[in-house]
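This report covers a single-chain model, from overall fold and confidence to individual side-chain contacts. The sequence and coordinates are shown first.

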Amino acid sequence: MNKKKHAYLHGGAARTALYFSVALTGILLFSLNLPSETYVNLSYFYLAHSVMEIAGILIVGMIVVVGWTSLEGYRTLRSTILSSAFFGLGIMEAVHLLTFDGYFAQTLVYGSAVSTKLARASQVFAAAGLLSFAFIPQHSVRRHFAHTIYLLTALAGVAVIVFIFANSESTTAIVENGTNLGASETGFEHGMVIIYLVAGMKLFSNSIRTNSNPCLTIATASLVLALSVIFFSRSSQLNDFSSLMGHLYKLLAYIMLFRALALKNIVQPYYDIRALEQRFESTLEALPDLVFETS
């Protein structure tokens with residue numbers, strides 16, 4: 001009976017996720033028909049961009065904390081890789097915020113190019129984490145091994161930052177000359193969208209097979225991230241309204257990921273403990289009858 005009820009609740013959650021995804025996709029399709037002169041230029045709204053980026057970094061930090069403090073029995077390899085990937089993403093986003101605008105960015109010769117590259121690097125970390133979460137089996141890992149993964153991810157993030165700063169001059173030359181810019185950007189954006197969609201479809205399939213609501217939520221978040229990349233890819237072509245929507249979609253996906261990991265790593269253990277308590281209470285209630293029959 002409990003399995004039937006759980007399957008029914010998961011079916012309702014799946015329908016809600018489907019309606020939600022269709023609504024967000026509809027907003028994207030509607031934005032394609034907006035005139036090019038309708039824009040919100042974020043370069044004039046540095047505060048709005050900073051608020052959205054800081055909110056995203058805070059949510060990413062909560063995702064990392066949830067993964068870092070998981071109980072031993074619930075610390076799995078794929079959850080560890082996902083949270084560690086967002087650890088690297090948070091590092092990229094923090095440096096991107098510093099180089100986007102403001103006093104520190106003005107002191108940099110190639111600040112705009114560096115900021116753009118860091119934003120793309122953060123997308124790579126998120127895509128790698130979601131793809132790993134979708135295809136890696138659910139194996140438990142030791143705390144020390146998990147901490148080693150976090151350390152390696154942090155070192156990889158620092159290495160990427162150093163590489164981007166070291167090659168910022170050549171990046172700026174490409175941006176200014178316009179050589180191969182459209183092809184490289186288009187290929188990168190298409191690749192990110194494909195990875196997010198593949199991860200989302202695999203996670204949705206896994207959620208249907210296991211009746212897992214957290215997995216379904218992460219699958220929906222992967223789709224929302226794919227939509228945000230599409231918005232970002234349009235921001236350089238038409239106007240910065242697409243950039244604004246891309247940031248909002250990205251924040252929404254981060255919130256969904258945090259909710260899913262919190263439900264899986266924090267709420268679920270308490271549900272399991274409560275189920276064990278109820279089973280123990282049922283056993284204690286049945287003991288007097290068992291003793292009477294034995295007598």
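## Fold and confidence

The model is predicted. Its chain contains 10 helices and zero strands, and the order along the sequence is α-α-α-α-α-α-α-α-α-α. Of the 295 residues of the chain, 41% count as buried. Among the contacts with a separation of 6 or more, 84% join residues 24 or more positions apart.

Mean pLDDT for the chain is 78, and 70% of the residues reach 70 or more. The highest confidence is found in helix 6, at 92, and the lowest in helix 7 (residues 168–177), at a mean of 47. Residues 1–9 have pLDDT below 50, and this stretch has two contacts in the model beyond near neighbours in sequence. Residues 170–181 are also below 50, with five contacts beyond near neighbours in sequence. Where pLDDT is low, the predicted coordinates should not be read in detail.

With 24 residues at 1.5 Å a residue, helix 6 should span 34 Å, and the distance between its end C-alpha atoms is 35 Å, which agrees. The buried residues in helix 6 are A146, I149, Y150, T153, A154, G157, I161 and I164.

In soluble globular proteins, nonpolar side chains tend to be buried together. In this model the largest nonpolar core has 51 residues, and F86, L130, Y196 and I218 have the most contacts inside it. Two or more residues each come from helix 1 (2–31), helix 2 (46–68), helix 3, helix 5 (111–135), helix 6, helix 8, helix 9 (213–235) and helix 10. Helix 9 gives the most, with 10 residues.

I218 shows how one of these residues is surrounded. Apart from neighbours within four places in sequence, I218 is in contact with L82, L130, F133, L203, L257, A260 and L261. A second, separate core has five residues, including L77, V141, A146 and I149. Of these, A146 and I149 are also among the buried residues of helix 6.

## Ring pairs and a charge over a ring

The structure holds four aromatic pairs. In one of them, the ring centres of F86 and Y254 are 5.7 Å apart and the planes meet at 85 degrees; an angle over 60 degrees counts as edge-to-face, so this pair is edge-to-face. Because F86 lies in helix 3 (residues 77–100) and Y254 in helix 10 (residues 241–294), the pair ties together parts that are 168 residues apart in sequence. F86 is buried, at a relative accessible area of 0%, and Y254 is buried too, at 3%.

Ring pairs also link W68, F87 and Y150 into a cluster. A separate arrangement involves a charge: the charged end of R78 sits over the ring of F133, at 4.9 Å from the ring centre.

| Residue | Relative accessibility | Class |
|---|---|---|
| K202 | 28% | partly exposed |
| S242 | 4% | buried |
| H96 | 7% | buried |

K202 is placed in helix 8 (residues 181–210). Its value of 28% lies between the 20% and 50% limits, so K202 counts as partly exposed. Apart from neighbours within four places in sequence, K202 is in contact with A134 and F135.

S242 lies in helix 10. Its relative accessible area of 4% is under 20%, so S242 is buried. Beyond neighbours within four places in sequence, S242 is in contact with F231, F232, R234 and S235. For S242 and F232, which are 10 residues apart along the chain, the C-alpha separation is 6.2 Å.

H96 belongs to helix 3. With a relative accessible area of 7%, H96 is buried. Leaving out neighbours within four places in sequence, H96 is in contact with H49, E53, S115, L118 and A119.

Technical notes
Residues are numbered from 1 along each chain as its sequence is written. This is a predicted model: local features need pLDDT of at least 70, side-chain atom pairs count only at pLDDT 80 or more; totals for chains, interfaces and linings use all residues. Side-chain values use heavy atoms; hydrogens and water are left out. Rings of Phe, Tyr and Trp (its six-membered ring) pair if their centres lie within 6.5 Å; planes under 30 degrees apart count as stacked, over 60 as edge-to-face and the rest as tilted. Helices (H or I, at least four residues) and strands (E, at least two) are DSSP runs, numbered from the N terminus. Buried means under 20% relative accessible area, exposed over 50%, partly exposed in between (1.4 Å probe, protein chains only). A charge sits over a ring if NZ of Lys or CZ of Arg is within 6 Å of the ring centre and within 35 degrees of the ring normal. Contact means heavy atoms within 4.5 Å. The expected span of a helix is 1.5 Å times one less than its number of residues. pLDDT is the predictor's confidence in each residue, from 0 to 100. A nonpolar core is a set of buried Ala, Val, Leu, Ile, Met, Phe, Trp, Tyr and Cys residues joined through side-chain atoms within 4.5 Å.
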